[in-house]
Amino acid sequence: MREPGRLDREYSPSTVARDPARSLRLYRTRSDDARSRPGAHTTVRYGTESGERCHVFPAAAPGTPGPRTPALVFVHGGHWQESGIDDACFAARNALAHGCAFVAVGYGLAPDRTLPDMIASVARALEWLARTGPRFGIDPERLHVAGSSAGAHLLAAALAGGAAPRVRSACLLSGLYDLTEIPRTYVNEAVGLTAELARDCSPLRMPAPRCDSVLLAAGQHETRTYLRQHEAYAAHLAAHAVPVTARVVPDRDHFDLPLDLADASTPFGRTTLNHLGLAAPTGTEPTREGTVTSAR
């Protein structure tokens, strides 16, 4: 039975976020800027199903000699029913400034696609990158993944299955890892989970994700449910001997936390760069224009 009120608020991050509209605008403006730059490969098909498209930003121009680069693969959020890859490229400039390719992955949205469909699409995108990444100068042995909210859930679920390749690291932000309450919330009006499917799609009930390490984070200004699930999944990873660093990030919420990804000008951004093995040398940081300058 639907339980309106308390549960709906707990699964609505905007009820405690400070200025989600501003964060969403920054997603779009920074993503638009990234896609307008030369060398971007937009709306690349990685599969045949609806929504299986990605934007690829190589770290070097095609045909440029030199070693292949790592890639940061980002899966967007939106309660599995909103947003898309056009708003998911905001960290591309930061990644590129550190010599790392960036890929924004789309997976189609509810109600047209089910959660198992989306999980399979994310796994397919990672397999496609492992196979065809060299075409974009990407080293398939150095895939790093990051996801926010629904994207964090989809990555955790995809990496727990056998279809996705093992990745170097995962950065999971403000995710939901136990979906058993979702059928009793407003979120399910589009998603359509049954009780059984909610259990089956919960990473807390799955094997450990196939990655070398996990950076697990949530903002200080999250609902109690998101913070509780953050703690529960950190314990799940530790119990499965997955190296995990768990952070509740001060002065961040569900919507502005992803904007720190690979941004050396913020404390959590530097944490993500260290996790990715992309930390700038001491005394340097990328400016907002994406160049590297001496810190003062």
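Visitor: Which residues do ring pairs link into a cluster?

Guide: A pair of aromatic rings is described by the distance of the centres and the angle of the planes. Rings of Phe, Tyr and Trp (its six-membered ring) pair if their centres lie within 6.5 Å; planes under 30 degrees apart count as stacked, over 60 as edge-to-face and the rest as tilted. Here, ring pairs join Tyr 27, Phe 74 and Phe 90 into a cluster. This is a predicted model, where local features need pLDDT of at least 70 and side-chain atom pairs count only at pLDDT 80 or more, while totals for chains, interfaces and linings use all residues. Residues are numbered from 1 along each chain as its sequence is written, and side-chain values use heavy atoms, with hydrogens and water left out.

Visitor: How many aromatic pairs does a search of the whole structure find?

Guide: The search gives five. One of them is tilted, because the rings of Phe 57 and Phe 102 have centres 6.1 Å apart and planes at 55°. Phe 57 belongs to strand 2 (residues 53-57) and Phe 102 to strand 4 (residues 101-105), so the pair ties together parts 45 residues apart in sequence. Strands (E, at least two residues) and helices (H or I, at least four) are DSSP runs, numbered from the N terminus.

Visitor: Is Phe 57 buried or exposed?

Guide: Buried means under 20% relative accessible area, exposed over 50%, partly exposed in between (1.4 Å probe, protein chains only). Phe 57 has 3% and is buried; Phe 102, at 0%, also counts as buried. Tyr 177 and Tyr 233 form a stacked pair, 4.2 Å centre to centre with 10° between the planes.

Visitor: How many salt bridges does the search find?

Guide: Side chains of opposite charge can pair when their charged atoms come close. A salt bridge is a side-chain nitrogen of Lys or Arg within 4 Å of a carboxyl oxygen of Asp or Glu. The whole structure has 17. In one of them, Asp 256 meets Arg 18, with the closest N and O atoms 2.7 Å apart. Asp 256 is buried at 14% relative accessibility, whereas Arg 18 is partly exposed at 39%.

Visitor: Where does pLDDT stay under 50?

Guide: pLDDT is the predictor's confidence in each residue, from 0 to 100. The protein averages 92, and 91% of the residues score at least 70. Residues 281-296 stay under 50; for them the model has 27 contacts (heavy atoms within 4.5 Å) beyond four places in sequence.
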